[in-house]
Amino acid sequence: MGIQELLQDIEKCRKEMVQLASRTSLSSHHVIEASTRLDSLLNKYNHLVKKR
């Protein structure tokens with residue numbers, strides 16, 4: 001996975017999480033799952049950037 005594709009996935013996941021949180025609550029199981037996915041994507045991004 002390239003950096004540009006990863007950045008697109010990060011933005012998509014962030015938007016999804018914000019939408020879920022606006023419809024439910026920040027402590028909703030779905031919001032927490034989206035947050036966990038976003039954390040994982042951000043960690044991958046940071047790892048790729050540090051390797052450069």
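In this predicted model, the buried residues of helix H2 pack against helix H1, which covers residues 3-23. Those buried H2 residues are Val31, Ala34, Leu38 and Leu41, and the chain as a whole contains two helices and zero strands.

- The largest nonpolar core has ten residues, namely Leu6, Ile10, Cys13, Met17, Leu20, Ala21, Val31, Ala34, Leu38 and Leu41.
- H1 and H2 are the elements that give two or more residues to this core, and the largest share, six residues, comes from H1.
- Leaving aside residues up to four places away in sequence, Ala34 touches Cys13, Glu16, Met17 and Leu20.

**Geometry of helix H2**

**The chain as a whole**
- Along the principal axes, the C-alpha atoms of the chain fill a box of roughly 40 × 15 × 10 Å.
- Of the contacts in the chain with a separation of 6 or more, 55% are accounted for by residues 24 or more positions apart.
- Buried residues make up 23% of the 52 residues in the chain.

- The chain exposes about 4100 Å², of which carbon and sulfur atoms supply 54%.

How values were computed: Residues are numbered from 1 along each chain as its sequence is written. This is a predicted model: local features need pLDDT of at least 70, side-chain atom pairs count only at pLDDT 80 or more; totals for chains, interfaces and linings use all residues. Side-chain values use heavy atoms; hydrogens and water are left out. Buried means under 20% relative accessible area, exposed over 50%, partly exposed in between (1.4 Å probe, protein chains only). Helices (H or I, at least four residues) and strands (E, at least two) are DSSP runs, numbered from the N terminus. Contact means heavy atoms within 4.5 Å. Accessible areas come from the Shrake-Rupley method with a 1.4 Å probe; for residues, only the protein chains shown count as cover. A nonpolar core is a set of buried Ala, Val, Leu, Ile, Met, Phe, Trp, Tyr and Cys residues joined through side-chain atoms within 4.5 Å.
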